[in-house]
Every structure is written in C-alpha cells, then in structure tokens.
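Morning, everyone. Please have the sequence and the model open before I start.

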Amino acid sequence: MRTIVLGGDGYLGWPTAMHLASAGHDVWVMDNYLRRTLARQTRSEALIEAPNLHDRAERFESLTGLKIRVHVGDCTNVEHMERIFVEAQPDAVVHYAEQPSAPYSMMGRDAAELTLRNNLCATFNVVWAVLRCAPNCHIVKLGTMGEYGTPNIDIEEGWIDVHHKGRTETFLYPRAGGSLYHTTKILDTDLLWFYVRTYSLRVTDLMQGPVYGISTPDADRHIDLLPNFHYDDLFGTVLNRFIVQAVAGVPLTVYGAGGQTRGYLNLLDTLQCVELALEHPASKEELRILNQFTETFTVNELAERVVHAAAAFGIDVAIDHIANPRQELEEHYYNAVHTGFPALGLRPHLLDDSVLARMLEIVVRYKDRVDPKKILPRVSWNRATHVLTEASR
Ligand code: USQ
C-alpha cells in the first residue's frame, strides 16, 4: 500500500512512518517543521534534538534497507499538497499535520489564529487533494477524545441515536472541546462529515486520547530515530512529563484536584491502531469514527504509578497539586466506548511497571538535557484564576 504520512516529523508521525515502512508500506512523508519552529519560539524544545527528516530517513534506510520518501512542504499550501498526491497516487493518507497543543492554542490571539488556520486549512487541503488527485484514497485523520469533552453520560464511538418526539435519527455525538486546539478537531470532523456525505469520500477519524512512550522497535535502533519526546508545559503529554519530572527531581505537577480522567494509550498502540485502520479501510461514503485509547486513568492515578515505578529505581518522587491552568472538570463521570479497535484486532500494550521502567531508563540517560524551567505551566485559561493579559489579547 502506498501511504502518505502528513506531519511525518511529529511525535506520532515519525514513528508511524517507520512502522508502516517496516510493515511493507511504500511510505511518503510531508512536514514543514511547524512544531519544531513553535517549540523553538516558545523555548519548548524536545528532550533529545532530532536530526532533520532527510537525515532521519537516511539513517533508517542505512539500518533497515527501507526507504521513506521525504517532502518538506506545508500542508496549508495547496500546491505542496497536490504535488505529493499527484506524484505518489496514494492508496491512503494519514493526516497528523496539525498544531497539536491545547496550551499553545490558548496562548493568545496569534497562537489561536495559527492553530485555527493551520489545522482547518490542512484538513481542507487533504480533502481537495483526494478529490482532485486520488479519489479512491482512504483518509485516516487524527482527531482527539477531547472532542467529546467530559459529558455526564457515556461517550459513544462517534455517533449517537437520538429519539425525539417519537422519531429517531443518528447524529455525530455531541462535542465540547476544552481548548481552541480541541475545537479545531471538532471543526475538522464536521468538515470531513460534510465532504463524506457530499462527495463520497472514505474517511476514518481517530478519536485518540493522550499518548505516552518513547520506545518502539524501530526507534530503539538508534538515537536519531527516537520520537520527539516533549516534557514542557506546551507540547508534553502528562505521563511523559511526569516521567521527566521524576528523573529531574521535580515534584509531579498534578493540575488541581487530579480527578481529571482521560483515555490513554501507549505509542505502540497508536502505531497498531493506524495500521489496523489502513488494513481495514472505511467504505466509500463512510465517516468511520474510532475511539483510540486502551485504558482510563485519573491524573492522580498516573502520578501514583510514576511514584511507585520511580521508587524501584531508587528515585524518591513527590506529588504537588498546583493551581489548574486549564478550564476543565477536576472530578467527573467518564465512561467511553472503545470496542472498534479491539474488534479490528488491537492487542493493547497496557501501562504497567515495566513500561514505566523502560521510559525511566531511557530518560535517565538524557537527564543532563532536562531544563527544569520548561516544566511549570506558562499558559492559563482557567476562568477562576485567569486574567487575559495585554500580551495575550
Ligand atoms: N495535566 C496535569 N499535569 C500536567 C499536564 C497535564 O494534571 O503537568 C492534566 C491536564 O490538565 C489534563 C490531562 O492531564 O486533564 C491530560 O493532559 P495532556 O496535556 O496530557 O493532554 P491534552 O492537553 O488534552 O492533549 C494531549 C495531546 C493532544 C491530544 C490529547 C488527547 O497534546 O494532541 O489530542 O492529548 S485528549 O486529552 O483525549 O483530548
């Protein structure tokens, strides 16, 4: 299968490109290094500086004999997007090319506009590149569990039947994003749904929870192949941050009460899910929505697990409940269906001490590179505490 990975330089994009190449796909990646640029601008660089995509692909080829074709290009630029579709004539496209940080999207007007424009325009261009250049191409789009928010009823897998005044209809499950970033993913889903029902596209929209992990069979071959592992307040996801905080001797930054519950998954399972979605494509005229996580945790549970795993390394870790910079419920009901991927064959890698130990072991190696100034939250949108500053207006 010929597959384009858009956003192929990212935390998920690069491991996905290697994984699909190892699984026999002919992989093309496109990226304009937006996340690296934003990380530099906000002093949020990843723990380990990654070589550029050409060098990474060369290193991967020298170790495996497998080629990943690299296009440095901007997914919001219609010419860049159509060029790769015309050349590749892909069977599938995996679309990760979005500004992925909730806190970044809440930094102020400019960051909000960049997030809105980039994310919506990239999705719009994917739709039109498929329609004009590769009409049979299956679009696999990365959405987020955060599209649903934290409603007081069970979360279904994308759709809900509504019975109203004696009649029944199926609708997209109601959505309520907790940041502008999450809201752009909701808007993406609406855009895709409009084009699916109008022009018969085939689309899989992945509602993914926060991902953790650094180790994959391909990444473990060489330091140059490791994913961009962020631990800063903008681009780092919570468990990755806690692991680095433990190693750096900084108390774990639980936001508020710590009862916030999310569906989490190992990076290895992101790779597995994307591969399964590609192997079992959506039908024409179908917007298939799959909830992509393997188990749920509160932030407190994650912190306690890290404390326990770190103790086995002889690292004593404290937990700090700091003022929550986000507008979110800190105690709430959370029960989300996630039966779609197991039905396709997903075999989850669940979070246990050995997974945490492996993460700690890798991060300990790079302990000298941790900058403790990148850890505390710099952006707040909590109604209770936040005053919109002149700078963020
Ligand atoms: N949290 C803490 N302490 C921290 C960092 C986070 O308590 O130091 C809490 C947050 O308040 C939140 C939870 O941990 O309740 C998860 O936060 P996160 O930063 O790991 O995840 P989030 O900002 O929601 O975004 C991440 C990815 C995003 C993806 C999303 C899936 O950055 O791209 O879409 O996870 S989901 O959360 O299901 O929307």
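This is a predicted model: local features need pLDDT of at least 70, side-chain atom pairs count only at pLDDT 80 or more; totals for chains, interfaces and linings use all residues.

Let's start at the ligand. How many residues surround it? The count is 22. The closest are Thr144, Tyr181, Thr253, Arg326 and Glu328.

What kinds of residue make up this shell? By class, 10 are nonpolar, 8 are polar and 4 are charged.

Now the polar atoms. Look at Tyr181. An N or O atom in the side chain of Tyr181 is 2.6 Å from an oxygen atom of the ligand. Next, Gly146. Here a backbone N or O atom lies 3.0 Å from a ligand oxygen atom. Then Arg262. A polar atom of the Arg262 side chain lies 3.4 Å from an oxygen atom of the ligand.

How much of the ligand does the protein cover? On its own, the ligand has 730 Å² of accessible area, and the protein covers 93% of that.

Which elements build the shell? Four of them give two or more residues: α7, at 180-199; α8, at 238-248; β10, at 252-255; and β11, at 261-266. The largest share comes from β10, with 3 residues.

Is one face covered, or both? Both are. Leu252 and Val254 are buried on one side. Thr253 and Tyr255 are buried on the other. Remember Thr253: this residue is also among the closest to the ligand.

β10 has a neighbour to look at, strand β14, residues 319-322. The two strands run parallel, and 4 bridges join them. Take Leu252 as an example: its bridge partner in β14 is Ile319.

Next stop, a loop. Find Asp224, between β9 (211-212) and α8. Leaving out residues up to four places away in sequence, Asp224 touches Pro51, Arg56 and Arg59. With Arg59 there is a polar contact, side chain to side chain, at 3.0 Å.

Last, helix α2, residues 34-41. Which of its residues are buried? They are Leu34, Arg35, Arg36, Leu38 and Ala39. Notice that two arginines, Arg35 and Arg36, are on that list. And what covers these buried residues? The cover includes β2 (26-31), α3 (53-64), α5 (102-105) and α6 (109-133).

Here is a general point about helices. An α-helix has 3.6 residues a turn, so residues three or four places apart point the same way.

After α2 comes Arg43. Its phi is positive, near 55 degrees.

Terms used. Residues are numbered from 1 along each chain as its sequence is written. Side-chain values use heavy atoms; hydrogens and water are left out. A residue is near a molecule or strand if one of its heavy atoms lies within 4 Å of it. A polar contact is a pair of N or O atoms within 3.5 Å; within protein, one must be able to donate a hydrogen and the other to accept it, and residues adjacent in sequence count only if both atoms are side-chain atoms. Accessible areas come from the Shrake-Rupley method with a 1.4 Å probe; for residues, only the protein chains shown count as cover. Ala, Val, Leu, Ile, Met, Phe, Trp, Tyr, Cys and Pro count as nonpolar, Asp, Glu, Lys and Arg as charged, and the others, Gly among them, as polar. Buried means under 20% relative accessible area, exposed over 50%, partly exposed in between (1.4 Å probe, protein chains only). Two strands pair if DSSP finds at least two bridges between them. Contact means heavy atoms within 4.5 Å.
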